[in-house]
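Subject: Structure handover

Hello,

Here is the structure I promised to pass on. Please open it next to this email as you read.

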Amino acid sequence: IAECSPALIKPERVTSVREALLSPSEVLPADECIGRVLAAATVGCPPAVPIVVSGERIGADAVACFGYYGIETCAVVKEM
């Protein structure tokens, strides 16, 4: 029996996709990104569907999904 992917709660929208993509960003290990705002979409293949969209806050549930799909790093908006 195949293991199911972790449940994902709808992430909080913090900024627009455009603002997130154009903001200064940094790449961090996924497990250090809880509470941060995603700058650039990170997808696992399969399913190649973003777990969190640019401008949304990364939650612990999203980090669990990143781990399930082998995503090790995320580009997040730099904190000022």
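Below is what I found in it, topic by topic.

**Ground rules**

This is a predicted model, so to speak of local features we need pLDDT of at least 70, side-chain atom pairs count only at pLDDT 80 or more, and totals for chains, interfaces and linings use all residues. Residues are numbered from 1 along each chain as its sequence is written, and side-chain values use heavy atoms, with hydrogens and water left out.

**Confidence**

pLDDT is the predictor's confidence in each residue, from 0 to 100. The protein chain averages 90. Of the residues, 91% score at least 70. Confidence is highest in strand S1, at 97, and lowest in helix H2 (residues 60-68), at a mean of 93. Helices (H or I, at least four residues) and strands (E, at least two) are DSSP runs, numbered from the N terminus.

**The sheet**

Three strands form an open sheet in the order S1-S3-S2, and the pairing is antiparallel. The edges are strand S1 (25-29) and strand S2 (38-40). Each has a single partner strand, so one side of each is left without a neighbour in the sheet. On average, neighbouring strands are turned by 55° against each other, direction ignored. For such angles, axes are lines fitted to C-alpha atoms, for helices over the stretch in contact, and angles run from 0 to 180 degrees between N-to-C directions.

Two strands pair if DSSP finds at least two bridges between them. S1 and S3 are joined by five bridges and run antiparallel. Ser-25 stands opposite Val-77 in S3.

How many residues of S3 are buried? Four of its five, which leaves S3 mostly covered. Buried means under 20% relative accessible area, exposed over 50%, and partly exposed in between (1.4 Å probe, protein chains only).

**The core**

A nonpolar core is a set of buried Ala, Val, Leu, Ile, Met, Phe, Trp, Tyr and Cys residues joined through side-chain atoms within 4.5 Å. The largest one has 14 residues. Those with the most contacts inside it are Cys-33, Ile-51, Val-52, Ile-58, Phe-66, Cys-74 and Val-76. H2 and S3 each supply at least two residues of this core. The largest share, four residues, comes from H2.

**Cysteines**

A disulfide is a pair of cysteine sulfur atoms within 2.5 Å. A search of the whole structure finds zero. Cys-65 is in no disulfide either, as the nearest cysteine sulfur, that of Cys-74, is 11 Å away. Cys-33 is buried, with a relative accessible area of 0%. Cys-65 is buried at 4% relative accessibility.

**Aromatics**

Rings of Phe, Tyr and Trp (its six-membered ring) pair if their centres lie within 6.5 Å; planes under 30 degrees apart count as stacked, over 60 as edge-to-face and the rest as tilted. The structure holds one aromatic pair. The ring centres of Tyr-68 and Tyr-69 are 4.8 Å apart, with planes at 90°, so the pair is edge-to-face. Tyr-68 is partly exposed, with a relative accessible area of 34%. Tyr-69 is partly exposed too, at 31% relative accessibility.

**Contacts across the sequence**

- Arg-18 sits in helix H1 (residues 17-22). Arg-18 is exposed, at a relative accessible area of 63%. Its C-alpha atom is 8.0 Å from that of Ser-54, 36 residues apart along the chain.
- Thr-42 lies in the loop between S2 and H2. Thr-42 is buried, at 13% relative accessibility. From C-alpha to C-alpha, Thr-42 and Ser-54 are 8.9 Å apart, and 12 residues apart in sequence.
- Leu-8 belongs to the segment before H1. Leu-8 is partly exposed, at 39% relative accessibility. The C-alpha atoms of Leu-8 and Ala-64 are separated by 8.7 Å, with the two residues 56 apart along the chain.

Best wishes
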